[in-house]
Amino acid sequence: MPQDPGVTRLLAISPHLDDAVLSLGASLAQAARDGAEVLVNTVFAGTAPPPYSAAAERMHAVWGLSPGGDAPLHRRTEDIAALAHLGLAYRHGRFLDSIYRRRPDGRWLTDHVEGGQKLAVAQDSPGDDGLVAEIEDDIKAIVAEFEPTLIVTCAAVVDHPDNLATRDAALSAARATNVPIRLWEDLPYSMFKPGTIALPAGFRLGTSEFESATAETWKRKREAVECYSSQLTMLNGRNKNLFERLDEHARKNSPRGGFGETSWPVLLDDNNG
């Protein structure tokens, strides 16, 4: 990334199979074109055995897939194509998306809301602490193998358990391995529901930085996003043109009215170690 000229190996920790491309695709593509090795690891990419929750079956249908089929496999194929288009390497994690997970009492973590595509996601359950620790261990293993000079992950502007678990695990892993870390803006969700970024104790945000994108890398990002055809059924369409909104959001945040993406450096809080 241009504001980090020393970066030679960039590890992107993505919660889901599209988040990294939607949020930071142009910057990651530019880093690769500038000679950096870029690896995108998607945390919640595992396949869950049936039976599925009503929420999962509903989302499968919305995505145009069989309600009882292997949706994560289909989405992993989309992700491979998208990342290849940007010149990025990939790795798919073993953890299950929230629509496939259960709470400790056996109830589904995510419930279907009748009459629409929205889902009701339960607040953090007692099992989440163990989940974050497991994700952190997996990230540390990747760091030991890949030896990144920078980690990037989501800011978790949107209050989603998968995003929060990914961010917190990545922060802890980065601190334990002494690797700098940045957080990206969760797009497109932060455009629909802006929120604050509340980091765990011991971390604080630096000043936000807007990384301008060339017309070519922005075009490649748009083309990569189109690879996620299952997700475009939700994010794009009548009265909600995803690409126009991404363009408008970028221009609004750009000092010069062009395209680009926002991220924040993470600093250790001196008052918390």
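Asp168 is found in helix α5, which spans residues 161–177; helices here are DSSP runs of H or I with at least four residues, strands are E runs of at least two, and both are numbered from the N terminus. The model is a predicted one, with local features needing pLDDT of at least 70 and side-chain atom pairs counting only at pLDDT 80 or more, while totals for chains, interfaces and linings use all residues. Residues are numbered from 1 along each chain as its sequence is written, and side-chain values use heavy atoms, with hydrogens and water left out.

Back to Asp168: this residue counts as partly exposed because its relative accessibility is 21%, where buried means under 20% relative accessible area, exposed means over 50%, and partly exposed lies in between (1.4 Å probe, protein chains only). Leaving aside residues up to four places away in sequence, Asp168 touches Val132 and Pro200, a contact being heavy atoms within 4.5 Å. The side chain of Asp168 also makes a polar contact of 2.9 Å with that of Arg167. Such a contact is a pair of N or O atoms within 3.5 Å; within protein, one must be able to donate a hydrogen and the other to accept it, and residues adjacent in sequence count only if both atoms are side-chain atoms. Ala156 sits twelve residues from Asp168 in sequence, with 9.2 Å between their C-alpha atoms.

Next come two strands. β1 (residues 9–14) and β2 pair in the parallel sense, over six bridges; pairing takes at least two DSSP bridges between the strands. Arg9 stands opposite Glu37 of β2. Strand β2 covers residues 37–42, and five of its six residues are buried.

A cavity is a set of points, on a 1 Å grid over the protein atoms alone, where a 1.4 Å probe fits but cannot get out, and lining residues have an atom within 4 Å of a point. Grid points are joined across faces, edges and corners, and the volume is the space filled by probe spheres set on them. The largest cavity comes to about 60 Å³, and its lining includes Leu17, Trp63 and Asp97.

The second largest cavity holds about 40 Å³, with Glu185, Phe210 and His249 among its lining residues. Two elements, α9 (242–253) and β10 (259–268), each give two or more residues to that lining, and α9 gives the most, with four.

Note on methods: On a 1 Å grid over the protein atoms alone, a cavity is a set of points where a 1.4 Å probe fits but cannot get out, and a pocket is an open set with protein on both sides within 12 Å along at least five of seven lines; lining residues have an atom within 4 Å of a point.
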